[in-house]
Amino acid sequence: MPGPYKETDLTERVEAFLSDLKRGGSGTGPLRGSAETARETTALLRRITAQARWSSAGDLMEIIRKEGRRMIAAQPSETTVGNMVRRVLKIIREEYARSRGSSEEADQQESLHKLLTSGGLSEENFRQHFVSLKANVIEVINELLTELEGTTDNISMQALEHIHSNEVIMTIGRSRTVEAFLKDAARKRKFHVIVAECAPFCQGHEMATSLSKDGIETTVITDAAIFAVMSRVNKVIIGTQTVLANGGLRAVNGTHTLALAAKHHSTPLIVCAPMFKLSPQFPNEEDTFHKFVSPHEVLPFTEGEILSKVNAHCPVFDYVPPELITLFISNIGGHAPSYIYRLMSELYHPEDHEL
Amino acid sequence: MADSGVTEGPDKKDDMQFDRAKSEGKELTKEEKQRLRKEKKQQKKNKEKKDDKASQESEKEKKPLGSAAPASQPPTQSTTQKAPSAVPAPAPVSVPASEAPVLADKPAKSKAELKAERRARQEAERASKQGKKGETGQQAATSKPKAPPNELQPVVKRLPEHIQVDNPDVLKKLAKKLERQQIPGHIADKQIPLRMDYGYKVSLFSHLHQYSRKAPLTQQVSIPSTVIHPAVVRLGLQYSQGIVTGSNARSVALLHAFKQVIRDYTTPPNEELSRDLVNKLKPYISFLNQCRPLSASMGNAIKYIKKEISNIPSQCKEEEAKSKLLNCIECYINEKIILAAKAIAKSAIEKISDGDVILIYGCSSLVNHILCEAFEKSRKFRVIVVDSRPRLEGREALRRLVQKGISCTYVLISAVSYVLPEVSKVFLGAHALLANGYVMSRVGTSQIALVAKAFNVPVLVCCETYKFCERVQTDSFVSNELDDPDDLIVTRKGKTHLKDWQEVPSLGLLNLVYDVTPPDFVDLVITDLGLGMIPCTSVPVVLRVKNVDQ
């Protein structure tokens, strides 16, 4: 295809994706799940790699960083977009290093010894041109895409290791990962699921109908009854929106209460989260952590003139500290929360944490 | 007749009386027959009492409920036997009234002599019977001495019916009890209907009732209902439809309805007001219990009324007695609810300082009163109202506070970890305080206390003393109330996911009403009766002191 058409086609696609992101994340449950967002982001980045004009790895990284910043700005709460951008950047760095012939470990690891002996900043400027770089990068991005497609299945394959018969499992809201996890376990084991409906969006209702159609014994409870029934629950299995760098969670609101109740009753809290949800963010950025939606979900306009005299809040996310979490189940296996920092260093390069 | 004081009718006494009858002529035989009939009735009553005690003891020994079933059969049998005997009893009662003037012609001395003889014999028999009863008590493994009221009361309670719904024998017994509680002389179909459970019950709660709001009990009650007073029917409907909610409101409404009942009451001839009125109230209480299970505060109010009624001396005239009762009820409402609220508000205002951010949950009349009083005393504070589905009672509290001019914030309970970092105190209301220090309140209260504890925010519970109750409970399962499960259904963006939940066999909806908060989450209880602020664990001490005073 001739050059200008390629570029306009590419910008069109990028714009379409951005407007999709802006519309989709209204907090009432994404119109697309985070897995889909991750796949679409990666596919778009692959297209950028293939069709944009660049001569060296540094140029490519600049382009991807620029587009990445725009995508993150469109929907800041959708962290999978940023995560995929960082993954691709790391892929580019690795491929560049491999093409140059230098071993990856010497370059990537920032050890204290290296800092002391090297003295100045590293000399990498990614200016060398390699012919096969494009092909290699696209190949690795394809591998990443295959990995993304198999995450849910990889997680649900581990279900039978964690659920025994006659258990009472509690969950909150709606998570496609947890749904697949429980349905897979239900093929062989019989257990009971209690779903907290998670007002005001009440996504728990959808989850409960979906689980009960598969023959799983399900009960829907209100958010207020979480502590009341917790004494009879054997395990709490939840999904999350993001896994933070310290092992904490950014999950749907009500999860912190659930985690505290589980801790009080010494019930294990298991988080099913695929690796693309791992984000290098920390929770102490006050103004970027919380996201709010229209308070009419909480206090509808039918309430009348009282609305002008009252503040109503409707936060979407909750922070769950890592001390309350027992186990993370991801597509590469199970980990303790204290191991998350290590996984992060394998997925992302430290210089990409700030895009 | 003096026979009403007899506890046991021994056979010896019968023989003596028969001989006397034969010797004293024909007129006495009728009187003797009536006396004998009355004694037989007393015997059966005492036998039933003994059987009840035996069944209570067997339940206390924690035998499986199967053994309680045969034990519950004799009481029902003896009561059904009593019912037909109760019908002919009123008829002969009128006869001795006419016989008495005839007897007066007879030598009075012989009658007094006979009375004295009979009394002496009765005392002797009673003493021997007490001894025998002591033996049978020991045979049933636990003996219950009659303790004076200010020592430890023996805790022999039959398990309440409303937490044994999964036992079919208990349900049968309840149905029979509702049949029995009708005014004698009325036709059998004018009785208190038994309310049916609705929908699929979650297996963890199969021992509780679950009713639907769309099928109120009053649909099965005929109009006009001659068994149940119309004020009580109206009250039952208000309870079951949720028009009157909140333990204070329910108690006050109950007491007002009973005042109306007492005003319209007339003692039937040859009955004592103190006994007959209590019996009249029993079917009303069963009816209200069927409409919505009684709360702890209502239970205490009913106990108080029954005690006051039975303490009315028998020589009191009806008008005087009624006005005395109405006065008692007014005093109760005034002391225990209205003045108590004022006293609690006075103590609580000391705990509210300027610049405070106070979190409240749901709609508690007492907490609203405290906040309004504090605002009138020009304390500067703001309030965060936390609410939960499906009742959304917090909106009512929000309206009342905003009307006063207090600045408020409103969130749902899932957002409570977002708001708590800026909260300085949490004020909670209570439905009842249990004797082991647990706080029974609206579902969600324990959750708020838990999260507040995690953020180190003090939790203060405000409760009047008339809500202190002697039950103990450690979790929210064994004794609770299940509300209509259809309340959980919601339509969002045109889609109702749970619309056909009844058709899916493995789906259940759970709508709990109460939960219990452990005492380690509660920092302080503010109460009345001059106690001010006490820890949660002092509730049994207060109960004991109150019982001694009364």
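Which side chains does a polar contact of 3.4 Å join? The views below get to that pair after a look at where the two chains of this predicted model meet.

**View 1. Chain A meets chain B.** Here's the whole contact, with 51 residues coming from chain A and 49 residues from chain B. Together the two chains bury about 4300 Å², and 65% of that lies on carbon and sulfur atoms. Between chain A and chain B there are 23 residue pairs in polar contact, counting pairs with both residues at pLDDT 80 or more. On chain A's side, the elements giving two or more residues include α11 (203-213), α13 (255-264) and β8 (310-312). Sort the residues on that side by class and you get 24 nonpolar, 18 polar and nine charged.

**View 2. A salt bridge across the chains.** Zoom in on B:R399, which pairs up with A:E303 in a salt bridge. Their closest N and O atoms sit 3.1 Å apart. The count of salt bridges between chain A and chain B is four.

**View 3. Strands that pair between chains.** β8 of chain A runs parallel to strand β3 of chain B (residues 408-412), and three bridges link them. Look for A:N311, which stands opposite B:T409.

**View 4. Around B:S417.** Back to the opening question: the side chains are those of B:S417 and A:H256. B:S417 belongs to helix α14 of chain B (residues 416-419). This serine counts as buried because its relative accessible area is 9%, under the 20% cut-off. Setting aside neighbours within four places in sequence, B:S417 touches A:H256, A:T257 and A:D318 from chain A, plus B:V451 and B:F455 from chain B.

Terms used
Residues are numbered from 1 along each chain as its sequence is written. Chains are lettered from A and ligands numbered from 1 in the order in which they are written. This is a predicted model: local features need pLDDT of at least 70, side-chain atom pairs count only at pLDDT 80 or more; totals for chains, interfaces and linings use all residues. Side-chain values use heavy atoms; hydrogens and water are left out. Contact means heavy atoms within 4.5 Å. Buried area is the accessible area (1.4 Å probe) that two parts lose on being put together, summed over both. A salt bridge is a side-chain nitrogen of Lys or Arg within 4 Å of a carboxyl oxygen of Asp or Glu. A polar contact is a pair of N or O atoms within 3.5 Å; within protein, one must be able to donate a hydrogen and the other to accept it, and residues adjacent in sequence count only if both atoms are side-chain atoms. Helices (H or I, at least four residues) and strands (E, at least two) are DSSP runs, numbered from the N terminus. Ala, Val, Leu, Ile, Met, Phe, Trp, Tyr, Cys and Pro count as nonpolar, Asp, Glu, Lys and Arg as charged, and the others, Gly among them, as polar. Two strands pair if DSSP finds at least two bridges between them. Buried means under 20% relative accessible area, exposed over 50%, partly exposed in between (1.4 Å probe, protein chains only).
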